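Please keep the model open while you read.

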Amino acid sequence: MTNAARLPLSWLVQRIAMMVVTLLAVITLTFALMHAVPGGPFVSEKMLAPEIEAALNAKFGLDQPVWRQYLNYLGGVLTLDLGPSFKYPGVSVNSMIADGLAVTAQTGMLAIICVVAFGIPAGIVAALNRGRWPDTAAMFVASLGIAVPSYVIATVALYIFALRLGWTPAFGLDDWRGYILPVFALSGFWMSFVARLTRSSLLETMEQDYIMTARAKGIPAHKVMLRHGLRNSLIPVVTVLGPVVANLLTGSFVIEQIFALPGIGRHFVQSITNRDYTAIMGITIFYAAFLMLMILIVDLLYLLLDPRISYGDSK
């Protein structure tokens with residue numbers, strides 16, 4: 001059966017419809033939460049004059065009934081217009097996301113490359129050497145990477161390599177060395193997680209009957225593992241990589257704050273501090289849409305990895 005035959009159009013339409021409904025729920029919930037928070041976007045410690053605050057509310061439509069504000073915002077989202085920033089005059093939320101995405105995508109892509117290039121091979125090496133020192137060493141490092149939070153890794157790496165040794169800049173992305181510490185901090189946890197997941201999945205796959213059959217034919221153990229076991233064992237790894245890619249490409253809020261990177265995550269944190277409601281909602285919607293898209297791509301990748309999987313009618 002071809003991959004196209006295992007992917008009926010009705011299934012794809014249903015999935016896209018579910019994504020639209022989910023996104024509508026995210027928009028509604030986020031909008032409701034923003035309006036449930038006490039105060040407003042123009043309430044600050046500087047205490048604007050009441051007439052100025054009223055003028056700003058009128059300018060951005062905040063003096064209208066909530067249901068009308070919701071419909072106006074929903075109409076803007078449908079036309080891919082996430083509205084203006086309440087705190088930065090003349091700046092749209094779309095441009096904020098576009099500017100932040102350029103920085104976040106660069107560091108995120110490098111982190112994803114590290115996760116795939118080092119996490120999966122480390123898991124394979126550990127499985128091939130089960131019970132021996134390479135397995136023990138790889139799992140010890142992986143356990144350490146999972147146990148230590150990324151902000152701790154970032155802080156320690158910043159202190160040692162930037163402040164004490166001076167090998168990398170402490171902040172910014174002025175040259176290639178500026179990427180090293182943020183990428184290391186971003187990828188550390190997921191690289192360790194993928195290594196452990198690859199090892200356990202590969203060892204479980206090697207217990208299957210078709211693997212035993214291949215071994216009975218006299219095929220060397222390492223060839224059986226790499227040719228027959230690795231492909232199926234990657235299914236849970238791909239399942240995890242979908243949300244990981246969405247997470248890394250939409251920004252790690254804490255890491256971008258620590259290294260002062262002007263990415264989406266830093267914009268999001270600043271938007272919360274500034275009560276920039278449209279920016280908070282826009283970034284949240286962008287993240288939700290991107291995450292659902294990555295999950296859909298993962299489901300499609302299943303068809304390539306496992307011929308037994310079909311999304312067609314089971315009858």
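1. Start with a definition: a residue is buried under 20% relative accessible area, exposed over 50%, and partly exposed in between, using a 1.4 Å probe and protein chains only. D299 has 14% relative accessibility, so D299 counts as buried.

2. Know the source. This is a predicted model, in which local features need pLDDT of at least 70, side-chain atom pairs count only at pLDDT 80 or more, and totals for chains, interfaces and linings use all residues. Residues are numbered from 1 along each chain as its sequence is written, and side-chain values use heavy atoms, with hydrogens and water left out.

3. Next, the overall fold. The protein chain has 12 helices and 0 strands. Here helices (H or I, at least four residues) and strands (E, at least two) are DSSP runs, numbered from the N terminus. The C-alpha trace spans about 85 × 65 × 30 Å along its principal axes. The chain has 315 residues, and 41% of them count as buried.

4. Now the charged pairs. Side chains of opposite charge can pair when their charged atoms come close. A salt bridge is a side-chain nitrogen of Lys or Arg within 4 Å of a carboxyl oxygen of Asp or Glu. How many salt bridges are there by this rule? The count comes to 3.

5. Take D299 and R15. Their side chains meet in a salt bridge at 2.3 Å, N to O. The pair links distant parts of the chain: D299 sits in helix 12 (residues 277–305) and R15 in helix 1, 284 residues apart.

6. Move to R199 and D135. Their closest N and O atoms are 2.8 Å apart, in a salt bridge. R199 lies in helix 7 (residues 180–205) and D135 in helix 5 (residues 133–147), so this pair ties together parts 64 residues apart in sequence. Is D135 buried or exposed? D135 is buried, with a relative accessible area of 5%.

7. R177 and D175 also form a salt bridge, with the closest N and O atoms 3.7 Å apart. R177 is partly exposed at 30% relative accessibility. D175 is partly exposed as well, with a relative accessible area of 30%.

8. A cavity is a set of points on a 1 Å grid over the protein atoms alone where a 1.4 Å probe fits but cannot get out; lining residues have an atom within 4 Å of a point. Grid points are joined across faces, edges and corners, and a volume is the space filled by probe spheres set on the points. The whole structure holds 1 cavity of 30 Å³ or more. The largest cavity has about 30 Å³ of space.

9. Which residues line the largest cavity? They are P169, A170, F171, G172, G178, L181, P182, F259 and L261. The lining divides into 7 nonpolar residues, 2 polar and no charged. Ala, Val, Leu, Ile, Met, Phe, Trp, Tyr, Cys and Pro count as nonpolar, Asp, Glu, Lys and Arg as charged, and the others, Gly among them, as polar.

10. Finally, two single residues. F161 is placed in helix 6 (residues 150–164). F161 is partly exposed, with a relative accessible area of 31%. A25 is in helix 1 (residues 9–36). A25 counts as partly exposed at 44% relative accessibility. A25 and L173 are 148 residues apart in sequence and 37 Å apart in space, C-alpha to C-alpha.

Conventions:
On a 1 Å grid over the protein atoms alone, a cavity is a set of points where a 1.4 Å probe fits but cannot get out, and a pocket is an open set with protein on both sides within 12 Å along at least five of seven lines; lining residues have an atom within 4 Å of a point.
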